[in-house]
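Hi,

Here is the structure I promised to pass on. Have a look at it first, and my notes on what turned up follow below.

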Amino acid sequence: MRKLKRPLQGIVYVLLGVGFIWCLTYFILSNTDEGGKTVTSHDGVRPHGSVKADASRSEDIMKFIAKFADDLLNIVASSDDFSAPSPLKDYKGEWRVLQIKLEAEEEKAQMRDTMIKELRSDKLHLQEQVVHLEELLKLKAGEDAQSDDQDNCPLPPMDGHPECIGKLKWMKEMWESDSCYRSYGVNGSQCSFLIYLSEIESWCPVLQGRTASSPVEENSEEVSDQAVIQRSLKGLYSSMENRTQFRWIQGRILSMEKIWFKAGQSLSAKYNLTERKAKQILVHPGAVTDESGFRIAQSAFSGGPLGELVQWSDLISTLYILGHRLHLSASVPELKHLLGLSTDVCPPRQSAVKVDLIYTDIIGLKQIQSALDTSWTQYKCMIRVLDSFGTEPDFNHAAWAEEHYLKSPFGGLNLIPMQFYTMFPHTPDNTFLGFVVQHQLSSQETQRLESVKKRNRALVYGKSAAFWEGKRSYLDTIHKHLEIHGTVDDSAQIPEYVVNHGIVKGTEVQTLLRQSKVFVGLSFPYEGPAPLEALANGCVFLNPRLDPPLNSLNSQFFSEKPTMRELTSQHPYAEAIGEPYVWMVDMYNLTDVERALTGILNQNIEPYVPYEFTSEGMLQRVNVLIEKQDFCYAGRRWPPRSALQVVKAEAGTSCKQACQDAGLICEPAFFPDLNSVMSLADYGLNCHTSQYSESSVVLPAYDQQKHCLLQADHLLFSCVRSDALLNRVCPCRDYIKDQRALCTACV
């Protein structure tokens with residue numbers, strides 16, 4: 001048995017040695033491909049230095065293996081007694097030395113790889129520079145050949161204008177392809193090319209000694225970057241002269257100039273308004289443009305609707321008094337010019353105005369989108385859309401509206417809902433802009449009105465005879481107590497006892513309101529400025545209830561409006577003011593009409609204007625919105641987080657209602673602050689489970705099992721919707737009395 005074991009022991013040694021040799025051989029093969037070539041690096045190129053290094057390492061390893069094999073064979077061959085073979089040399093130390101040497105070689109190879117890559121990159125850069133210099137030399141040669149050029153125009157440094165060389169080459173070959181280039185002074189010379197490409201377009205650097213200035217900048221009298229409260233509106237009038245679209249607007253601004261001046265001085269005395277930058281503001285009321293087809297500017301003098309024109313007048317006055325730079329547009333060609341767009345086949349011009357803000361309406365926004373095509377998105381965050389009745393989030397979200405059959409010709413704009421500016425503060429998802437109900441009169445007219453005493457008279461709110469149809473019994477009941485006057489376009493269709501003054505100017509309306517005790521609503525038009533004008537003149541508004549409430553589902557007028565808001569009366573804002581200034585009445589319940597008239601005739605009221613509808617109130621509100629409300633930079637937060645108050649609504653209750661019940665107002669800017677499990681826990685709501693969803697407009701919310709649903713689409717945050725199965729978590733804030741757009745910490 002001993003003779004049998006000895007050869008087995010030898011065989012074991014041999015097998016161990018072979019195994020060791022196999023492992024080392026595998027190491028070498030793992031660094032070569034099937035053809036015996038060295039494996040390349042990740043970019044497919046093996047640097048020459050790396051190949052040499054791999055060969056050196058392989059040679060060292062092979063020498064080590066050969067030496068080990070020789071020693072192993074010597075051990076086997078030198079002894080016939082396998083029971084006690086000579087021990088193998090300790091190769092551990094030698095292997096460690098070899099390993100260190102291999103690691104050093106690998107590090108050197110990596111350094112060589114990096115160096116070679118950098119050299120190749122430098123080579124490519126130098127090649128590009130050579131091509132660039134060759135192009136410059138060609139252009140220089142052409143420049144030198146044109147000895148009759150109008151003046152000497154050496155090529156300026158091209159830093160920051162990589163496309164300039166290509167554009168110069170194109171202009172040299174194609175400048176005669178269109179007459180518009182010649183109209184800009186291009187004459188075939190190098191100088192004219194450079195001037196055009198740097199001042200009309202912006203492909204090239206401006207030549208030394210020249211400046212690229214727009215017509216607006218050249219004609220502007222304002223040079224300071226600081227916004228300064230203006231002492232008059234005279235500088236505004238030149239931009240509206242001889243423009244029929246602004247004729248009515250200019251007339252209202254002229255009539256209120258003194259009151260705007262006083263309001264500006266009063267506001268600046270109360271607040272520090274000195275550290276403000278003057279904004280470049282584009283104002284484009286699309287509804288007054290001829291392209292819109294609405295003709296509201298022309299019909300304003302013959303009984304047409306005035307609400308939008310009133311708001312535009314007061315916004316323009318506000319922006320100017322606050323010291324900002326206004327650029328008025330009332331046509332699509334003007335709009336294109338101010339945005340730097342060509343109206344012919346010439347390449348687009350530089351922007352005439354580098355705008356900070358754009359005020360427009362939905363018609364104007366669509367004109368902007370059409371003019372700019374896909375590039376309109378660069379202006380998207382700057383846009384503020386005047387929208388009388390408001391746009392709710394689910395109508396604004398194009399995909400949601402289509403999926404849920406809420407499509408509207410005025411919806412689907414995918415703006416942040418707060419970019420819509422409303423006439424009244426009826427939709428907290430939008431921003432309240434408002435208007436001014438005061439009307440400045442001459443000193444003689446003011447003295448005359450102060451001497452006017454109230455008469456037993458009612459003035460009917462309705463310039464169109466069509467508004468009077470079906471209201472005879474209602475008017476007959478009022479006529480028992482009061483003499484009825486009207487300002488109607490057609491006397492033939494109104495009761496014979498009505499004293500009709502026809503379509504009159506604003507100052508005449510002021511006189512009629514001062515003489516009247518009651519301003520009679522006919523249930524239409526909805527939410528106009530006139531009822532607040534009546535209150536400002538000490539005239540009570542008789543406000544008809546709407547039962548059932550009107551909305552987009554049951555009213556032709558609201559059917560295309562992007563809102564499901566319900567009107568419970570002709571004027572919901574006035575309804576909230578209440579008695580003694582506003583009396584609600586059911587026009588078809590004559591007993592109710594008698595009740596209201598009895599109460600009105602047994603009281604005396606003073607003129608009343610909520611602060612938010614005064615000129616000073618509008619100046620304060622718009623100034624804060626311009627300075628604080630920013631949709632371009634997510635890092636700028638407004639209102640301040642300190643104003644947030646969280647209210648948990650009952651199931652089936654909207655956040656608008658829940659906040660209102662708590663004496664607060666829903667603030668959609670705070671929705672992101674509540675839209676996480678951690679945030680909800682901070683306010684005492686510990687979710688058992690949670691998930692993000694884009695299938696609801698009432699989120700964040702939770703159910704009875706404390707399963708929390710969070711909003712996955714920020715455009716679907718909404719104050720006004722509710723769900724019978726979910727409790728909403730509502731972001732609320734306080735507000736200044738008679739200035740609900742602003743919180744107490746906002747000013």
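Before the rest, some housekeeping. This is a predicted model, where local features need pLDDT of at least 70 and side-chain atom pairs count only at pLDDT 80 or more, while totals for chains, interfaces and linings use all residues. Residues are numbered from 1 along each chain as its sequence is written, and side-chain values use heavy atoms, with hydrogens and water left out.

Disulfides

The structure holds seven disulfides (a disulfide being a pair of cysteine sulfur atoms within 2.5 Å). Cys687 and Cys708 form one of them, with sulfur atoms 2.0 Å apart. The torsion about their S-S bond is about -95 degrees, so this disulfide is left-handed. It ties together distant parts of the chain: Cys687 sits in the loop between α26 (677-682) and β16 (689-693), and Cys708 in strand β18 (residues 707-711), 21 residues apart. Helices (H or I, at least four residues) and strands (E, at least two) are DSSP runs, numbered from the N terminus.

Cys659 and Cys732 form another disulfide, with 1.9 Å between the sulfur atoms. At -75 degrees about the S-S bond, this link is left-handed. Cys659 belongs to helix α24 (residues 655-661) and Cys732 to strand β19 (residues 727-733), 73 residues apart. Both cysteines are buried.

For Cys743 and Cys746, the sulfur atoms are 2.0 Å apart. Their S-S torsion is about 90 degrees, so that disulfide is right-handed. Cys743 counts as buried at 0% relative accessibility, and Cys746 counts as buried at 6%.

The sheet

Next, look for an open sheet of six strands in the order β2-β1-β3-β4-β5-β6, with parallel pairing (two strands pair if DSSP finds at least two bridges between them). β2 (325-328) and β6 (431-432) are at the edges with a single partner strand each, so one side of each has no neighbour in the sheet.

Four bridges join β1 to β2, and Leu282 has His327 in β2 as its bridge partner. From β2, Arg325 and His327 point one way and Leu326 and Leu328 the other way, and all are buried. Further along, two bridges join β4 (residues 383-386) to β5 (residues 420-422); Leu386 is partnered by Tyr421 in β5.

Thr427 lies in the loop between β5 and β6 and counts as buried, at 4% relative accessibility. Leaving aside neighbours within four places in sequence, Thr427 is in contact (heavy atoms within 4.5 Å) with Phe389, Glu392 and Arg565.

The cores

Which residues touch the most other members of the largest nonpolar core? Of its 82 residues, they are Leu236, Ile316, Leu319 and Tyr359. Helix α12 (residues 307-321) supplies the largest share of this core, eight residues. A nonpolar core here is a set of buried Ala, Val, Leu, Ile, Met, Phe, Trp, Tyr and Cys residues joined through side-chain atoms within 4.5 Å. Beyond neighbours within four places in sequence, the contacts of Leu319 include Ile281, Val283, Leu326 and Tyr359. There is also a second, separate core of 26 residues, with Ala458, Leu522, Ala596 and Leu597 among them.

Enjoy exploring!

Terms used: Buried means under 20% relative accessible area, exposed over 50%, partly exposed in between (1.4 Å probe, protein chains only).
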